[in-house]
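Subject: Structure handover

Hello,

Here is the structure I promised you. Please load it before reading on, as the notes below follow it piece by piece.

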Amino acid sequence: MKRVQAHDRKSRRREAEQSMKRLQGKVAVVTGSSSGIGRAIATRFAQEGAKIVVSDVRATPREGGFEEEASLATADLIVKRGGEAVFVPCDVSSHDEVRALAEAAVASYGRLDLWVNNAAIRRFGKVAHEYSDDDLDQTLNVNVKGTYFGSVEAIKIFLSQGDGGNLINIVSTSGLRGHPRQALYNTSKGATRLLTMSLATDYGPQGIRVNGICPTFVKTSFTRSEFDDTDFQQSLAQGLPLGRWGEADDVAKAAVYLASDESSLVHGHLLNVDAGETLSRYI
């Protein structure tokens, strides 16, 4: 009898814990989620009960990042921690591959609830006339077309399911203001900002929420060279009111909020996770 009672208590406790998870039972695609911000979002979503489709051009984290347990692919890390995840390789600059990613999500878990357009590349360190046409094409293909392809394929599924959906674009403060020596990246992020607002206008009536997140400088493999630059570190500390680098998990926590019912009336919003960058002097 005592053993049965103990089992019942454990079952009730487990059910209570699951009911407290903010994304319990949701199915989420996170692009560019092998490393950095995307990996942090995928693992946070899984922690909150979502089933995750991890997607990237490679399964393992990129070199030079700040990941915990970097020897593990994101999907493997989620499974190790008790969550559900599959990995689907995808180059978001290819509409065919993004379409296949969306189909794989539904084939794996039966539906789709959340889509995070995180995949991006960052070309920086030159003034505009020094970039090549290839630099421009790559940046626009991944950052703009990739976000557009992901958005429309997710929206098609949301519309076919008929019960709404949730789309989150990682925009960056680079979509809000100018930064020195990264005209290509800022141009692409400005486009994703306006895409986010336009999609929110078009699809809100169908119950599809669309929002963006605008992080400041976050510790990832993208920013490793700047993080290791003492002069840049000092300039950043002076330029940001909070005076510190962002962590990938800072962005992931914001994404959980936008993905959850807690933000049910938040729509067409650009959420700054920026240490006050957009209030500060030119960085």
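With which residue does Arg 99 form a salt bridge whose closest N and O atoms are 3.8 Å apart? The partner is Glu 153. Keep in mind throughout that this is a predicted model.

**Salt bridges**

Arg 99 sits in helix H4 and Glu 153 in helix H5, so this pair ties together parts that are 54 residues apart in sequence. Arg 99 is partly exposed, at 28% relative accessible area. Glu 153 is at 5%, and because the cut-off for buried is under 20%, Glu 153 counts as buried.

Arg 99 has a further partner. Its side chain also meets that of Asp 96 in a salt bridge, 2.8 Å from N to O. Asp 96 and Arg 99 are three residues apart in helix H4 (residues 95-109), so about one helical turn separates them. Asp 96 is exposed, with 57% relative accessibility.

Elsewhere, Arg 224 and Asp 228 join side chains in a salt bridge at 3.5 Å, N to O. Arg 224 is partly exposed, at 26%. There is also a network of salt bridges that links Glu 68, Glu 69, Lys 80 and Arg 81. The total for the structure is 21 salt bridges.

**The sheet**

In what order do the seven strands of the open sheet run? The order is E3-E2-E1-E4-E5-E6-E7, and the pairing is parallel. Strand E3 (84-89) and strand E7 (270-273) are the edges, each pairing on one side only. From one strand to the next, the twist averages 20 degrees.

E2 and E3 run parallel and are joined by six bridges. Ile 52 has Ala 85 in E3 as its bridge partner. To get from E2 to E3 the chain passes through H3, in a right-handed β-α-β crossover.

Strand E6 (residues 208-215) pairs with E7 in the parallel sense, over four bridges. Gly 212 is opposite Leu 270 in E7. Helix H6 (residues 183-203) packs on the sheet and touches E5, E6 and E7. The direction of H6 makes about 160 degrees with that of E6.

H5 lies across E4, strand E5 (165-170) and E6. It runs at about 175 degrees to E4.

**The cores**

Which members of the largest nonpolar core touch the most other members? They are Ile 41, Phe 45, Ile 52 and Ile 213, out of 30 residues. The elements giving two or more residues to this core are strand E1 (27-31), helix H2 (36-47), strand E2 (51-56), helix H3 (74-80), E4, E5 and helix H9 (248-259). H9 gives the most, with eight residues.

Ile 52 is worth a click. Leaving out residues up to four places away in sequence, Ile 52 touches Ala 28, Ala 42, Phe 45, Ala 46, Ile 78, Glu 84, Ala 85, Val 86 and Tyr 109. A second, separate core has 27 residues, including Val 29, Ile 121, Leu 167 and Leu 199.

**Two single residues**

Ser 55 is in strand E2. Is Ser 55 buried or exposed? It is buried, with a relative accessible area of 1%. Its contacts, apart from neighbours within four places in sequence, are Val 30, Thr 31, Gly 32, Ser 33, Phe 87, Val 88, Pro 89, Cys 90 and Leu 101.

Ala 120 is in the loop between strand E4 (114-117) and helix H5 (133-161). Ala 120 is buried as well, with a relative accessible area of 18%. Leaving out residues up to four places away in sequence, Ala 120 touches Val 142, Asn 143, Lys 189 and Phe 222. Ala 120 and Phe 222 are 102 residues apart in sequence, yet their C-alpha atoms are 9.8 Å apart in space.

Best regards

Definitions and conventions. Residues numbered from 1 in each chain as written. Predicted model: local features only at pLDDT ≥ 70, side-chain atom pairs only at ≥ 80, totals over all residues. Heavy atoms only, no water. Buried < 20%, exposed > 50% of the residue type's maximum accessible area, 1.4 Å probe, protein only. Contact = heavy atoms within 4.5 Å. Pairing = 2+ DSSP bridges. Axes fitted to C-alpha atoms, helices over the stretch in contact; angles between N-to-C directions. Salt bridge = Lys/Arg side-chain N within 4 Å of Asp/Glu carboxyl O. Core = buried A, V, L, I, M, F, W, Y, C linked by side-chain atoms within 4.5 Å. Right-handed = clockwise from strand over helix to strand, strands pointing away.
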